[in-house]
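Good morning, and thank you for making time for this presentation.

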Amino acid sequence: MSEIPLDRYGRIVAGENEGYLVHVHFDAEVTGGYYVYLVDDLESPSDGGDYWAKDREELTNLVRLMEWRVEWLEEECHSS
């Protein structure tokens with residue numbers, strides 16, 4: 001995955017967590033890092049999790065290690 005969009009949903013179509021939705025949020029004000037949120041369903045979630053990366057390089061490495069192939073959706077999401 002060359003580009004990792006921020007605050008946009010994507011479906012993981014290959015790799016760890018296949019079938020889950022993912023979104024990445026840059027937490028500039030508090031941690032200066034990236035939160036990576038996972039959820040199995042947007043309408044009625046029953047499972048999920050999160051990761052944190054300290055910078056863009058670590059975020060890219062996380063995606064590579066998880067072997068994620070993501071189809072990014074048009075729908076944006078907003079983190080609090």
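Let me begin with a definition: helices (H or I, at least four residues) and strands (E, at least two) are DSSP runs, numbered from the N terminus. Please keep in mind that this is a predicted model, in which local features need pLDDT of at least 70, side-chain atom pairs count only at pLDDT 80 or more, and totals for chains, interfaces and linings use all residues. Residues are numbered from 1 along each chain as its sequence is written, and side-chain values use heavy atoms, with hydrogens and water left out.

First, confidence. The predictor's confidence in each residue is pLDDT, which runs from 0 to 100. Its mean over the protein is 91, and 94% of the residues reach 70 or more. The lowest confidence is in β5, with a mean of 88, and the highest is in β3, at 97.

Now the fold. The C-alpha trace spans about 30 × 25 × 20 Å along its principal axes.

For contacts, the criterion is heavy atoms within 4.5 Å. Among contacts between residues at least 6 apart in sequence, 46% join residues at least 24 apart. As to burial, a residue is buried under 20% relative accessible area, exposed over 50%, and partly exposed in between, with a 1.4 Å probe and protein chains only. On that scale, 34% of the 80 residues count as buried.

Let us turn to the interior. A nonpolar core is a set of buried Ala, Val, Leu, Ile, Met, Phe, Trp, Tyr and Cys residues joined through side-chain atoms within 4.5 Å. The largest such core has 16 residues, of which Ile12, Val22, Val36, Leu59 and Trp68 touch the most other members. At least two core residues come from each of β2 (21-27), β3 (33-39), α1 (56-65) and β5 (69-76). What does Val22 contact, leaving aside its neighbours within four places in sequence? Its partners include Ile12, Val36, Leu38, Trp68, Val70 and Trp72.

Next, the aromatic residues. Rings of Phe, Tyr and Trp (its six-membered ring) pair if their centres lie within 6.5 Å; planes under 30 degrees apart count as stacked, over 60 as edge-to-face and the rest as tilted. The structure holds three aromatic pairs. One of them, Tyr35 with Tyr37, is stacked, at 5.8 Å centre to centre and 20° between the planes. Tyr51 and Trp68 have ring centres 6.3 Å apart and planes at 70°, so this pair is edge-to-face. The pair links distant parts of the chain, 17 residues apart: Tyr51 is in strand β4 (residues 48-53), and Trp68 is in the loop between α1 and β5.

The loop between β1 and β2 holds Gly15. Gly15 touches Met66, Glu67 and Trp68, not counting residues up to four places away in sequence.

Asp7 lies in the segment before β1 (8-14) and is partly exposed, at 22% relative accessibility. Its side chain makes a polar contact with the side chain of His25, at 2.9 Å. A polar contact is a pair of N or O atoms within 3.5 Å; within protein, one must be able to donate a hydrogen and the other to accept it, and residues adjacent in sequence count only if both atoms are side-chain atoms. His25 lies in strand β2 and, at 16% relative accessibility, counts as buried.
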